[in-house]
Structures are given as C-alpha cells and as structure tokens.
Amino acid sequence: MDIFDSIDALLKISRKLDNHVLKLDQSLHECDYEKLLSTAENTFVTALRAYMANRELLIALYDAIPSVPQNLYRLEQDTLQITIEQLQYSFPAFRIVLPALLPNKRKRKIDFRNAVTNSISEALIRFCKENKICPLRHATVIFVSHYGNETKIVPDSDNLESSCVINALSGVLITDDHPGVCSTHFTVKKSPDQVCSTEVYVVDYEHDLEILSIIKST
C-alpha cells in the first residue's frame with residue numbers, strides 16, 4: 001500500500017469512527033444499552049483498523065524517505081507499553097509484560113492479533129540483538145494473567161489467545177514453537193493494584209519449576 005492509498009484508507013476509517021461516536025452518544029442518551037454495546041464493539045474494530053492503516057502509512061513513509069530513522073516498532077512498543085527484561089538468575093529467564101489481558105481466542109480480531117504479534121516480535125528482535133541473546137533450544141513459556149476489578153469474569157486460560165505471543169517468540173527468543181521444544185503453562189492471579197496485565201515468562205525448560213514456584217509465592 002502506497003502513501004496515497006494509506007491516507008485514503010485513513011480518511012474512510014475516520015469517517016466511520018465519527019459515525020460510531022455519534023451513535024454511541026445517541027445510544028447513551030436513549031439508554032439503549034444493547035445498541036450501545038454493539039456500537040462500542042464496532043468502534044473497537046474500526047479503531048484497530050485505523051491503527052493498522054496508520055501503520056501502513058508509516059511504513060510507506062519510511063520507505064519513501066530512507067534518510068529518516070525508522071521508529072515504527074519503538075513507537076509501537078512504547079504505545080503498547082511492552083516491557084522486556086532478562087531476569088537475574090543463574091539460568092536463562094526473561095519476562096515480558098503486556099498492559100492488558102490477552103483476548104479471548106473465540107472472539108479474536110485478526111487486526112489486533114497481527115498488531116500484537118508484530119509489535120512484540122520487533123521489540124524482541126531489538127532486545128535480543130542489543131543484549132546478544134540467542135534463542136532457547138528447549139523452553140517453557142509461562143503466561144500469568146493479572147485481572148482487576150474491571151474484569152467481570154475471571155480469565156479462562158483455555159480460551160486465551162496466546163498464539164500471538166508464541167508466534168512472536170518463535171525464532172527470536174525460542175528456537176521453535178513445536179510442542180517438542182516449547183511447553184506452555186497458564187496461571188491466573190488477582191492483581192494487587194486492580195490493573196489488568198499479562199506477564200509472559202520465557203525460561204529454560206530445566207528450570208521452569210523454579211520460576212513457577214517464585215510466581216506462586218509472590
């Protein structure tokens with residue numbers, strides 16, 4: 001998609017967003033909460049499409065102006081507030097923090113999944129390159145969902161969309177996502193500060209019980 005196509009797509013999406021906001025206001029004043037919920041869901045999807053369209057525009061601009069530093073992935077990482085750190089243990093262990101719960105895979109949106117995968121992947125590539133980290137040959141990926149008061153239903157680990165994270169890890173922090181070399185573990189905890197978030201621990205397979213023990217004790 002070139003610059004003109006990207007801007008045209010953004011203009012069309014912005015008109016949809018304006019229309020959604022008007023409908024949200026109307027539904028609220030009419031106390032039509034069923035319509036309000038439906039419109040809010042449509043607004044969410046449209047906003048994600050706006051994000052992806054703007055992403056395409058930035059890519060086209062970076063391609064057109066090679067002298068400009070390409071800050072797209074750093075912008076995404078900062079905006080999504082993704083943090084990555086290497087834990088100070090005698091064995092390889094890493095922690096990634098996402099400022100939200102993973103979506104329900106039965107209700108997942110392809111735009112959101114792709115955006116999260118791309119953002120985490122690029123953040124990991126930069127992190128591993130800067131810190132000279134090689135992928136773990138046999139790893140365990142531990143997902144810890146922290147839910148707050150705004151979460152009406154406790155997250156069901158069986159239905160979490162974890163593939164967007166696993167796909168981002170594969171080939172970067174872990175060699176492969178095949179079950180033979182990558183195990184997964186899920187746990188859910190009440191957030192002490194009532195803020196929803198997701199912690200992802202990536203650890204050498206032989207030491208995963210140590211990390212699990214630490215997680216459960218905190």
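A salt bridge is a side-chain nitrogen of Lys or Arg within 4 Å of a carboxyl oxygen of Asp or Glu. The views below show a predicted model, in which local features need pLDDT of at least 70 and side-chain atom pairs count only at pLDDT 80 or more, while totals for chains, interfaces and linings use all residues. Residues are numbered from 1 along each chain as its sequence is written, and side-chain values use heavy atoms, with hydrogens and water left out.

**View 1. E85, R95 and E199 are linked in a network of salt bridges.** E199 forms a salt bridge with R95, with the closest N and O atoms 2.5 Å apart. This pair links distant parts of the chain, E199 in strand β5 and R95 in strand β2, 104 residues apart. Strands (E, at least two residues) and helices (H or I, at least four) are DSSP runs numbered from the N terminus. R95 also forms a salt bridge with E85, the closest N and O atoms being 2.7 Å apart. E199 is buried, at 11% relative accessible area, whereas R95 is partly exposed at 23% and E85 is partly exposed at 31%. Buried means under 20% relative accessible area, exposed over 50%, and partly exposed in between (1.4 Å probe, protein chains only).

**View 2. Strand β2 pairs with β1 and with β5.** Two strands pair if DSSP finds at least two bridges between them. β1 (residues 83–86) and β2 are antiparallel over four bridges and form a hairpin with six residues between them; Q86 stands opposite F94 in β2. Six bridges join β2 to β5, also in the antiparallel sense, and I96 stands opposite V200 in β5. Five of the six residues of β2 are buried, so the strand is largely enclosed by the rest of the structure.

**View 3. The largest nonpolar core has 27 residues.** Such a core is a set of buried Ala, Val, Leu, Ile, Met, Phe, Trp, Tyr and Cys residues joined through side-chain atoms within 4.5 Å. I96, L124, V165, L169, L173 and V202 touch the most other members. Elements giving two or more residues to this core include β2 (93–98), α4 (110–131) and β5 (197–204).

View 4. K12 is partly exposed at 48% relative accessible area, as is D8 at 34%.
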